[in-house]
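Morning, everyone. I have a short tour for you today. Please put the sequence and the model up on the screen.

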Amino acid sequence: MKEKNAQYEAEVLHQKRLALENIKAQEEERKKIAVMIHDDIGNRLNILSLWLNNLDTQGDELIKKNIYGQMSSLIDAARGISHSLYPVNLESVGLVLYVEELIANLSHKINISMQVMHGYEKKDIFVEVQLYRIIQEFTTNVIKHSTATDLWIYMKDYAENMVIVISDNGQGFEYEEVEKGMGIKNIESRIKSMNATHKWKKTFLNKGSRLIIKIPKHNEFPNQNSPD
Ligand SMILES: Nc1ncnc2c1ncn2[C@@H]1O[C@H](COP(=O)(O)OP(=O)(O)OP(=O)(O)O)[C@@H](O)[C@H]1O
Ligand SMILES: [Mg+2]
């Protein structure tokens, strides 16, 4: 009895820690967004208002040009923030086309190729959002840490599950040894939210990194609203 009680208590404690970590992760994410809005949009709005203050005292054409310039970069900044908050058009466009857009946007930074195997079918919106986020986070890490030139995304449907593999040809990393930040934690909690399983691997004779995810197809998603 005593042993069972201790086990039960340990499990409860574990769950509490997980929940706490989750909340902390969300807080951290919100902080990032707040900083982005502050730096990207707030600062530019301040500059704009300075220009507006000067409107009747200085050369109008120059001021107009500056305001237009600021406006269009504000629009870009707002779009960037809203995309990083939520993949707004994903539901109507579908994961594959949406990832293609991401690939095009990043083409000046890294060469990404996506292979979608024959028979692949559009997934539940919850799964597609999670997969998009995971691809985005993995790609950010590759650009930030790996010095890779290429990144590959592979997706295939099997009868019982879907497999997605994301790999790069950078310097790779030892999963056990690196200090995990928001990126890896978020990737893993998203994988968990789909009841999926995963593996991190080194590739190419210890060069490059790879993430393999297997998502069960017949799945109820009880916590649909929690991760996003
Ligand atoms: N594709 C990769 N290639 C090489 N190293 C990687 C790669 N992905 C992750 N890492 C290593 O794993 C560490 C943890 O990654 P993680 O995304 O969790 O945190 P971060 O990128 O350092 O910070 P954050 O994502 O919170 O902004 C990184 O600091 C880096 O050392
Ligand atoms: Mg990261």
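Let's start with helix 4. Its buried residues are covered by several elements, including helix 3 (90-93), strand 1 (111-116), helix 5 and strand 2 (150-157). Cover here rests on contact, where two residues touch if their C-beta atoms, placed from the backbone, lie within 7 Å.

Some ground rules. This is a predicted model, where local features need pLDDT of at least 70 and side-chain atom pairs count only at pLDDT 80 or more, while totals for chains, interfaces and linings use all residues. Residues are numbered from 1 along each chain as its sequence is written, and chains are lettered from A and ligands numbered from 1 in the order in which they are written. Helices (H or I, at least four residues) and strands (E, at least two) are DSSP runs, numbered from the N terminus.

Back to helix 4. Which of its residues are buried? Leu95, Tyr98 and Val99, in a helix that spans residues 95-105. Down the helix 4 axis, these buried residues fall within an arc of 100°, so they line one face. That arc is taken from the directions from the helix axis to the C-beta atoms. In general, an α-helix has 3.6 residues a turn, so residues three or four places apart point the same way. Buried means 20 or more other C-beta atoms within 10 Å of a residue's own, exposed means 12 or fewer, and partly exposed is in between; the C-beta atoms are placed from the backbone.

Turn to the other side of helix 4. Leu97 and Ala104 are exposed there. Why does Leu97 count as exposed? Because Leu97 has 11 C-beta neighbours inside 10 Å. Now pair Leu97 with Lys185. They are 88 residues apart in sequence, and 26 Å apart in space, C-alpha to C-alpha.

Strands pair if DSSP finds at least two bridges between them.

Look at strand 5, residues 209-216. Leu211 in strand 5 has Trp200 opposite. Ile166 also stands opposite Leu211.

Side chains in a regular strand alternate between the two faces of the sheet. Ser209, Leu211, Ile213 and Ile215 point to one face and are buried.

Now His198, in strand 4. Its bridge partner in strand 5 is Ile213. Leaving aside neighbours within four places in sequence, His198 is in contact with Ile191, Leu211, Ile212 and Ile213. His198 counts as partly exposed, because it has 17 C-beta neighbours inside 10 Å.

On to the ligand. Which residues come nearest to ligand 1? Ser146, Gly181, Met182, Gly183 and Ile184, out of 17 around it. Near means a C-beta atom, placed from the backbone, within 6 Å. Helix 5 (125-146) and helix 6 (182-193) each supply at least two shell residues. Helix 5 gives the largest share, 5 residues. By type, the shell holds 5 nonpolar, 9 polar and 3 charged residues. Ala, Val, Leu, Ile, Met, Phe, Trp, Tyr, Cys and Pro count as nonpolar; Asp, Glu, Lys and Arg as charged; the others, Gly among them, as polar.

Last, two loop residues. Most residues other than glycine have a negative phi. Thr147, in the loop between helix 5 and strand 2, has a positive phi, near 55°. Asn195 lies in the loop between helix 6 and strand 4, and its phi is also positive, near 55°. Thr147 is exposed, with 11 C-beta neighbours inside 10 Å. Asn195 has 13 and counts as partly exposed.
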